[in-house]
Amino acid sequence: MIAIENLTKIFRRDGRQTVVANKISAVFPTGESVALIGRNGAGKSTLLRIIAGTSLPTSGHVLSDGTVSWPVGYAGSFHPELTGAQNVRFVARIYGVESDALVDYVREFAELGHHYHQRFGTYSSGMRARLAMGASMGIDFDTYLVDEVTSVGDASFRQKSQQVFADRMRNSSAIFVSHSMGLLRQMCTMGMVLHNGQLDAFDDIEDAIKFHHELMGLAKEAEG
């Protein structure tokens with residue numbers, strides 16, 4: 001279970017401020033795969049990073065009674081001067097898992113070939129995401145945070161990623177960000193919609209998608 005309490009996140013730049021979250025509170029239940037839905041720029045990825053602990057809120061708290069992954073596919077914490085394999089070994093030590101086993105798992109999963117033993121700083125964005133997802137999927141977390149990860153790689157790799165993620169969900173929870181409503185329907189049981197700094201929760205994923213579409217329709221009418 002993950003709970004956010006009176007969470008506020010404000011970005012300030014050039015005398016202007018953008019409110020991503022305005023005193024929001026919500027519970028992401030144990031055993032559920034929750035879709036986090038919102039328009040582009042609503043702050044979904046920011047909220048995911050706050051839950052992961054890689055970004056700090058302006059105020060409020062995030063509470064969890066289990067282990068939480070970093071956003072799957074996010075490679076911002078990997079060291080550019082280390083090889084892919086060395087980065088994975090370092091991650092294994094941080095999370096207390098067997099390093100050789102994780103290195104072997106990611107080698108097979110990420111399909112990086114000889115690049116696996118080259119400096120991470122030379123990787124393309126797709127290669128970085130493959131490495132990061134492999135490291136995430138190779139560790140058993142209570143809750144996985146997923147941010148558009150299934151868009152990485154070719155069709156075969158995307159299919160494999162979805163299958164591995166589905167296998168993990170048999171014993172874990174997830175918070176899932178994607179712009180593909182079809183994928184959210186396939187992977188998630190409930191949904192939360194982030195809009196104008198507020199977060200609305202729905203027990204049924206279809207109700208969440210419907211509410212999101214209504215908000216998008218209202219936004220288009222206002223622009224017109």
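Select V106 and show its surroundings: leaving out residues up to four places away in sequence, V106 touches V88, E111, Y116, L131, G134 and A135 (contact means heavy atoms within 4.5 Å). The model is predicted, so local features need pLDDT of at least 70 and side-chain atom pairs count only at pLDDT 80 or more, while totals for chains, interfaces and linings use all residues. Numbering runs from 1 along each chain as its sequence is written, and side-chain values use heavy atoms, without hydrogens or water.

Next, colour I37, V106, Y116, L131, Y144, F165 and F176, which touch the most other members of the largest nonpolar core, a set of 44 residues. Such a core consists of buried Ala, Val, Leu, Ile, Met, Phe, Trp, Tyr and Cys residues joined through side-chain atoms within 4.5 Å. Buried means under 20% relative accessible area, exposed over 50%, and partly exposed in between, with a 1.4 Å probe and protein chains only. Helix α4 (residues 125-137) contributes the most to this core, six residues. Helices (H or I, at least four residues) and strands (E, at least two) are DSSP runs, numbered from the N terminus. Another core lies apart from this one; its 21 residues include A21, I24, L36 and M190.

Now show helix α2 (residues 84-95) with helix α3 (residues 99-110), whose axes come within 9 Å and cross at roughly 135°. Axes are lines fitted to C-alpha atoms, for helices over the stretch in contact, and angles run from 0 to 180 degrees between N-to-C directions. α2 and α3 are therefore oblique to each other; angles under 35 degrees count as roughly parallel, over 145 as roughly antiparallel, 65 to 115 as roughly perpendicular, and the rest as oblique. For the contact, select A85, V88, R89, V91 and A92 of α2, and S99, D100, L102, V103 and V106 of α3.

Go on to E111, in the loop between α3 and α4. E111 has a positive phi, near 55°, and is not a glycine. Its relative accessibility is 47%, so E111 counts as partly exposed.

Another stop of this kind is N6 in strand β1 (residues 2-13), a residue other than glycine with a positive phi of about 45°.

Finish at helix α1 (residues 44-52), where K44, T46, L47, L48, I50 and I51 are buried. After α1 comes G53, with a positive phi near 90°.
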